[in-house]
Amino acid sequence: MEQVKRNLAILSKVKYLGLIFGVVMYMFVEPRMGSVWASVLCFLAGLSFILICENSRKIIMCEH
């Protein structure tokens with residue numbers, strides 16, 4: 001059970017890395033595609049990562 005709690009805590013903290021990944025993606029995409037497309041892709045990438053982590057967390061909670 002301790003392993004499950006630890007995994008849930010890690011997923012709760014890791015999901016915010018999606019914001020950092022989005023900013024990094026923006027920096028690399030913006031010179032090539034412009035600021036509008038870079039902003040859209042940055043938002044989608046960050047949000048997708050957060051949702052993936054949240055869904056994984058919910059699945060782990062449901063299993064245990």
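Student: Let's start with Glu 54: in which helix is Glu 54 found?
Tutor: Happy to begin there, and keep in mind that this is a predicted model. Glu 54 is found in helix α3.

Student: Is Glu 54 buried or exposed, and what is its relative accessible area?
Tutor: The cut-off to remember is that buried means under 20% relative accessible area. Glu 54 falls under that cut-off, so it is buried, with a relative accessible area of 17%.

Student: Which side chain does the side chain of Glu 54 join in a polar contact?
Tutor: Look for a pair of N or O atoms within 3.5 Å. The side chain of Glu 54 has such a contact, at 2.7 Å, and its partner is the side chain of Lys 15.

Student: Where does Lys 15 lie, and is it buried or exposed?
Tutor: Lys 15 lies in the loop between α1 and α2. Its relative accessible area is 14%, so Lys 15 is buried.

Student: How do α1 and α3 run relative to each other, roughly parallel or roughly antiparallel?
Tutor: Helix α1 covers residues 2–14, and it packs with α3 at an angle of about 165°, the axes being 9 Å apart. Angles over 145 degrees count as roughly antiparallel. The two helices, α1 and α3, are therefore roughly antiparallel.

Student: Which residues of α3 meet α1, and how does the contact divide by class?
Tutor: From α1 come Val 4, Leu 8, Leu 11, Ser 12 and Val 14, and from α3 come Phe 49, Cys 53, Ser 56, Arg 57, Ile 60 and Met 61. By class, the contact of α1 with α3 divides into eight nonpolar, two polar and one charged.

Student: At what angle do α2 and α3 pack?
Tutor: Here we have α2, residues 17–33, against α3, residues 35–63, with axes 8 Å apart. The geometry makes α2 roughly antiparallel to α3. The angle is about 155°.

Student: What is the handedness of each crossing, left-handed or right-handed?
Tutor: Take α1 and α3 to begin with: α1 passes α3 in a left-handed crossing. For α2 and α3, the crossing is right-handed.

Terms used:
Residues are numbered from 1 along each chain as its sequence is written. This is a predicted model: local features need pLDDT of at least 70, side-chain atom pairs count only at pLDDT 80 or more; totals for chains, interfaces and linings use all residues. Side-chain values use heavy atoms; hydrogens and water are left out. Axes are lines fitted to C-alpha atoms, for helices over the stretch in contact, and angles run from 0 to 180 degrees between N-to-C directions. Helices (H or I, at least four residues) and strands (E, at least two) are DSSP runs, numbered from the N terminus. Angles under 35 degrees count as roughly parallel, over 145 as roughly antiparallel, 65 to 115 as roughly perpendicular and the rest as oblique. A crossing is left-handed if the near helix is turned anticlockwise from the far one by less than a right angle, and right-handed if clockwise. Buried means under 20% relative accessible area, exposed over 50%, partly exposed in between (1.4 Å probe, protein chains only). A polar contact is a pair of N or O atoms within 3.5 Å; within protein, one must be able to donate a hydrogen and the other to accept it, and residues adjacent in sequence count only if both atoms are side-chain atoms. Contact means heavy atoms within 4.5 Å. Ala, Val, Leu, Ile, Met, Phe, Trp, Tyr, Cys and Pro count as nonpolar, Asp, Glu, Lys and Arg as charged, and the others, Gly among them, as polar.
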